[in-house]
Amino acid sequence: MAKQGKEQGKALVIVESPNKAKTISKFLGDEYLVEASVGHVRDLAGNKKDVPAEYQNEDWAYLAVNVNDEFKPFYIVNSDKKKEVKRLKDMLKESDRLYLATDEDREGEAISWHLSEILKPTVPVHRLVFHEITKEAIDNALANPRQIDNDLVRAQETRRILDRLYGYDLSDVVRRGVGGKARSAGRVQSVALRLVVEQERERRAFVSAVYWDLVGTFVKSEQSPFEATLRLVEGKKIPNSKDFDEKTGKVKDPNLLLLDEAGANQLAERIRNSEFKVTSLEERPFTDRPKAPFITTALIAEANRKFGFSSKRTMSAAQSLYQKGHITYMRTDSTTLASVAVDAARDLVRSEYGPNFLPEKPNTYANKVKNAQEAHEAIRPAGHPFELPDALRNELSVDEFKLFELIWKRTIASQMLPARGRNITLTLEGGGAVFVATGKIIDFAGHLRAYVEGSDEPEAELADKERILPNVVQGDILDCRKLDSKSHATQPPRRYTEASLTEELESRGIGRPSTYAAIIETLLERKYVYLKGKALVPQWVAFSVIRLLEEHFPHLVNYDFTAQMENSLDTISRGEADHVPYLNDFYHGLQGGGGGLKDQVKAKLEEVNISEINRFSLGAPEGDKGEVILRVWKDSATVEQDGRRTTVPDAIAPDELTMARALELLEQSEKAEEPLGFTEDKRPIFLKMGRFGPYIQLAAENEDEKPKNASLLKGMEPDSIDLETALKLLSLPRDLGEHPELKERVLAANGPYGPYIRAGKENRKLPDTLSPLDVTMEQAIELLKQPKSTRGRQQREALRTFDPSPITENPVTVIDGRYGPYISDGETNAPLPKGVSTEELTFEQALHELAERAARGGPKKKKKAAKKKASAKKSVKKAAAKKKATKKKTAKKAFKKKAAKKTS
């Protein structure tokens, strides 16, 4: 504490990310050192070997939480953060004040607490809190520092411990019941998965119905024609999609007039030449109020609808915008705006759109989110006055600009007047039929001048556009120009998208804004769901997991119970409750009397019937045939009936596997047992059904060889495959001859990315109009003359692009790979450093990671080892390890030396 009185000493300011540090340092003088911890510096130990030795034999050691001693957690410094911690400790020795400026949420508070615990400062410690990175906000935070909020820290720690208890113990049950090391359960993850599975169950149970109506084209004298839809015939209402039972497909009210195609056409013929008169014209005024400024879930949802961004992509761009000082903190559930922000938005409304669009008083919005944290602001442009989007266009990435413009428009629109207009309903009668036309006139655009919200339903979005009806009055006679019969099919419930799932979780009070992107990413990584367009489709294994949890741990996937857990955590964060009794009740049972998670898991491990959990009945078809069973395996699913079994192709979504489709797959598998024919050397050729769809198989010549397989070409149907086609597919790659200029053999083949041609190192994708079975040499030569287009991984858009590598001279890029972002210099690929986001990554860090990966060299070749004594083996291994370490160190040193030389 001796340094406390020092006036001009250095102050150390610690934030989470390098980008945030860079932005904040612009607003502080030379007396401040701004450094990044690069996220969390420590966490719960991952397994029991990392807890203190004296506890490693305890039955709770694998949790790294002493469940018998007030749930004491055991933390370790992350291995990749030890250098960061040492660096921060060294810098603290040269400082006389410490400012912890991590984010203002619970995670940020916990990071500050962990830093304080690890660094053990002997100088004054202050907590800086700000929701935007501007000079005014930083100056205000420095003028009004506070202490670490221990209640927030305890709430975050309780949440972390709760997730560990839930995740570790329940994941063990899931892995044993369903299989697969990657399987897991989670407090919010499992509930989110249940929502997706329940929606798919409804789709499977849904029975579609088809109904018909008429659309007429009417006109008055020389005015523009318009369309009207049939509503009534002889007093009977024509049904719409809501009038059908989703489970049976039958109309609910027998008094409704259900038309089929023939009936609709007959009606059209009967009334076509009737006189149609306007019987009513109604106008109803409407007011469309602006939406509240963005909260996290609304931003994720809108970016998904408007741009197709995943939640991860949205939050990555938002994080970067915040750290660069362009928007306020992006993890919030509050719709509140600071008074200076309201003034800034109103000033822009006045200057950009005119005073006619500005309300007399500022618009305010009530929070609809359960347990919204009112201390936070909504997401808005930082500072005041707000920066204009066009002024930032050249300094932001494409994603960042799209998101900033979206946030800017939504914020401005929130302080504009409502849109006003009229909904018009025009009713026509003739020939005993009633037709209705609807229109919309916008009299005042209001907030729509700045912002129009996206929609999950394209038809609804189109219907929102202004639709002008002709100038008619009651009693006018109209000509019927055309009557078209139109069919409609009722649609099953929509699948969740990332947007709608986050909104559903939020509306139920489950989880927090900061967790939704990670939850959805986990569901995708664990292969519980996959994306079909924007829709989240559950894999069959997800049905098994949810069945296991619903049957054996129903309260843990109960939506109300999970939401109540959030309420309990909030009471702890406000200092209204103690975390120990809460955790004790959850894990050990009420007053420690049993019945908690620990006892439940122990009992269920013996009780779970693995076979039944993974067995689903599809029912029994008519006749004497047996029940059709779907059986879920670790990475696939099969259908079975009376001894027959076949794999369900991955391309078939769960709601598409009807009884008819399952029987079709089984019939195809039976046909696969009968060969299509034989080759000249009498080997059978089969049409088989595999996990990835139908394929051709040629039997091996002998038992030591594997059979040869060939995929069907795009558009080929299994029923159309004959022996001749199968032989052609098996003949691929097809040799077209020697290229006259390249002097290489030209081959036509079918690869994992589709048909292509190859000549030496040159290859080109075949267009859909050409088949590898009949493409000619002339066509191949012309294709090879065209510029090469990348595919596979190389087609993936770069998330960031740095300067060229001093080694390869190729640009260093961050690419969104199949398993997450990775760094590439065109020759070497390396993962991002642990805990560093795409936007936080620096060029120097990228080069360092590439150097590390390059130093490891390629994959080891297997060699046959001679039998030696155990001591000799140990010596050889030790020498090899030493040699490998030396080689790695030398390669890394050479890489860095060369890089330093070229960059200088």
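Thr 646 lies in strand 21 (residues 644-647); helices (H or I, at least four residues) and strands (E, at least two) are DSSP runs, numbered from the N terminus. Thr 646 is buried, at 5% relative accessible area, where buried means under 20% relative accessible area, exposed over 50%, and partly exposed in between (1.4 Å probe, protein chains only). Leaving out residues up to four places away in sequence, Thr 646 touches Ala 637, Thr 638, Val 639, Leu 665, Leu 666, Ser 669 and Met 689. A contact here means heavy atoms within 4.5 Å.

Ala 637 belongs to strand 20 (residues 637-641). Ala 637 is buried, with 3% relative accessibility. Its contacts, apart from neighbours within four places in sequence, are Trp 540, Leu 630, Arg 631, Val 632, Thr 646, Thr 647 and Val 648. The C-alpha atoms of Ala 637 and Gln 539 are 9.4 Å apart, although 98 residues separate the two along the chain.

## Basis of the model

This is a predicted model, in which local features need pLDDT of at least 70 and side-chain atom pairs count only at pLDDT 80 or more, while totals for chains, interfaces and linings use all residues. Residues are numbered from 1 along each chain as its sequence is written, and side-chain values use heavy atoms, with hydrogens and water left out.

## The chain as a whole

The chain has 25 helices and 33 strands. Of its 904 residues, 49% are buried. Among contacts in the chain with a separation of 6 or more, 66% are between residues 24 or more positions apart.

## Salt bridges

A salt bridge is a side-chain nitrogen of Lys or Arg within 4 Å of a carboxyl oxygen of Asp or Glu. By this rule there are 58 salt bridges. One of them joins Arg 160 and Asp 43, with the closest N and O atoms 3.1 Å apart. Arg 160 is in helix 5 (residues 150-178) and Asp 43 in strand 3 (residues 42-44), so this pair ties together parts that are 117 residues apart in sequence. Arg 160 is partly exposed, with a relative accessible area of 25%, and Asp 43 is partly exposed at 26%.

Glu 640 forms a salt bridge with Arg 645, where the closest N and O atoms are 3.3 Å apart. Glu 640 is buried, with a relative accessible area of 14%, whereas Arg 645 is partly exposed at 49%. Another salt bridge links Glu 762 and Arg 764, and its closest N and O atoms lie 3.0 Å apart. In this pair Glu 762 is partly exposed, at 30% relative accessible area, and Arg 764 is buried, at 10%.

## A network around Arg 512

Salt bridges link Arg 106, Asp 333, Arg 512 and Asp 570 in a network. Arg 512 is found in the loop between helix 14 (498-507) and helix 15 (516-525), and is buried, with 7% relative accessibility.

The side chain of Arg 512 makes a polar contact of 2.8 Å with the side chain of Asp 333. A polar contact is a pair of N or O atoms within 3.5 Å; within protein, one must be able to donate a hydrogen and the other to accept it, and residues adjacent in sequence count only if both atoms are side-chain atoms. A polar contact of 2.7 Å joins the side chains of Arg 512 and Asp 570.

## Helix packing

Two packed helices are described by the angle between their axes and the distance between the axes. Axes are lines fitted to C-alpha atoms, for helices over the stretch in contact, and angles run from 0 to 180 degrees between N-to-C directions. Helix 5 and helix 18 (residues 579-588) pack at about 10 degrees, with their axes 11 Å apart. That makes helix 5 roughly parallel to helix 18; angles under 35 degrees count as roughly parallel, over 145 as roughly antiparallel, 65 to 115 as roughly perpendicular and the rest as oblique. The residues of this contact divide into 8 nonpolar, 2 polar and 2 charged. In this division Ala, Val, Leu, Ile, Met, Phe, Trp, Tyr, Cys and Pro count as nonpolar, Asp, Glu, Lys and Arg as charged, and the others, Gly among them, as polar.

The axes of helix 10 (residues 339-353) and helix 12 (residues 398-413) come within 9 Å and cross at roughly 95 degrees, which makes helix 10 roughly perpendicular to helix 12. Helix 10 contributes Ala 345, Leu 348, Val 349 and Tyr 353 to the contact, and helix 12 contributes Trp 408, Thr 411 and Ile 412. By class, these are 6 nonpolar, 1 polar and no charged residues.
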